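Let's take a friendly walk through this structure, starting with an open space and moving on to the helices. Please have the viewer ready.

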Amino acid sequence: MAKKIVAVTACIAGIAHTYMAAENLKKYAKKEGYDIKVETQGAMGLENRLSQDDIDGADVVIFAVDTTVQESDRFDGKQILKVGTSEVVKDGQAAIDKAMELVK
Amino acid sequence: MSEKLSSFISEKNIVMDLDAHTQDEAIEQLSEILKKNGNISSTEGFYEDVLKRESMTTTGIGKNIAIPHGKSESVTDTTMMFAKNKTPLEWNSLDGSKVNIIFLMAVSPATQGNEHLKMLANLSGRLMDDDFVSAIKKAKTTEEILNLIKE
C-alpha cells in the first residue's frame, strides 16, 4: 500500500507561500507514488482540513510552516517533519525524502 | 468566473517592458501603476509594507521569478501586477537566480475569504508547475500573459 503523508502549510502573510508549498509537496509526493493530503492555513483560514482519521492513518506528518500550526493537538503522537515554507518551495523533493526518512 | 477574473486582472495589470534597475525600483514602479489603477490609496504606504515583508524572507522563489506581496492598509482593492523586466534583477532568490518575472500581489487586510484572494492563492500554487512557468517565460504579449493567468 502506498505510504500516506498529511501536511499543513502556513506562512506569515498567508497569501502565497502557503499555497506554493502545498502544491510542491503534492507534486513530489505524487511523483514518488505516495498518497498526500495537505491542509492550508492561510489568509482564507483553514482549507482542506485534515480529519482525525486522515491524521491517524498517515505514516508521517509534514509541517511546512513559518508560524504556529493551528489546532496542533490533532497531531499529538505523530512523527512530524517541520520545515519552513521557503525550503519546500525551493526543494519539494528533499522535504518528501526527509519525511520518509523519519519513518523508514 | 470570467467576469470576476476580468475585474481581477486586465491589460492594465500587466507590464511587458518594465525597466527597473533594482528590486526596490521594480516594486516602486509597479506600486505607482497600482496607484494609478486605483487599487491602492498610497504608493508610499504600500511600498513600505511590501519592503517590510521582503525583509522577513526573500520572495525570489527561484527560476527567475519573484512574488513580492504586501498585506497593507493602503490596498483598497486586492489585486496583482505582472511584470517582465528588461534586465534580470538581483533578488536574493532561493536558488540564487536573478529575477525578470515579477508577480506583485496587493492584498487588503479586509479581504478574508475574498474571491481575489483565492485567485492569488491559486496562481501561487500554479507557479510550482513547470509547464505554467515555462509558458509564462515564453509569452511575449500582454494577451498571452492574460490568457495564461486566466486559464
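This is a predicted model: local features need pLDDT of at least 70, side-chain atom pairs count only at pLDDT 80 or more; totals for chains, interfaces and linings use all residues.

Rolling a probe the size of a water molecule over the atoms shows where empty space is left. Here the largest pocket holds about 300 Å³ of space. Its lining is made of 16 residues, and A:E23, A:K26, B:A121, B:N122 and B:G125 are the closest to its centre. By class, the lining has seven charged, five nonpolar and four polar residues. Two helices each supply at least two of the lining residues: α1 (17-31) of chain A and α4 (115-126) of chain B.

How do these helices, α1(A) and α4(B), pack? Their axes lie 7 Å apart, at an angle of about 40°. The two helices are therefore oblique to each other, and α1(A) passes α4(B) in a right-handed crossing. On the α1(A) side the contact is made by A:Y19, A:M20 and A:E23, and on the α4(B) side by B:A121, B:S124 and B:G125. Sorted by class, this contact has three nonpolar, two polar and one charged residues.

Now turn to chain B, where helix α2 (residues 23-37) packs with helix α3 (residues 43-56). The angle is about 140° and the axes are 9 Å apart, which makes α2(B) oblique to α3(B). Their crossing is right-handed. Residues in the contact include B:I27, B:S31 and B:L34 of α2(B), as well as B:F46, B:V50 and B:L51 of α3(B). In this contact there are six nonpolar, three polar and five charged residues.

Methods: Residues are numbered from 1 along each chain as its sequence is written. Chains are lettered from A and ligands numbered from 1 in the order in which they are written. Side-chain values use heavy atoms; hydrogens and water are left out. On a 1 Å grid over the protein atoms alone, a cavity is a set of points where a 1.4 Å probe fits but cannot get out, and a pocket is an open set with protein on both sides within 12 Å along at least five of seven lines; lining residues have an atom within 4 Å of a point. Grid points are joined across faces, edges and corners, and a volume is the space filled by probe spheres set on the points. Helices (H or I, at least four residues) and strands (E, at least two) are DSSP runs, numbered from the N terminus. Ala, Val, Leu, Ile, Met, Phe, Trp, Tyr, Cys and Pro count as nonpolar, Asp, Glu, Lys and Arg as charged, and the others, Gly among them, as polar. Axes are lines fitted to C-alpha atoms, for helices over the stretch in contact, and angles run from 0 to 180 degrees between N-to-C directions. Angles under 35 degrees count as roughly parallel, over 145 as roughly antiparallel, 65 to 115 as roughly perpendicular and the rest as oblique. A crossing is left-handed if the near helix is turned anticlockwise from the far one by less than a right angle, and right-handed if clockwise. Contact means heavy atoms within 4.5 Å.
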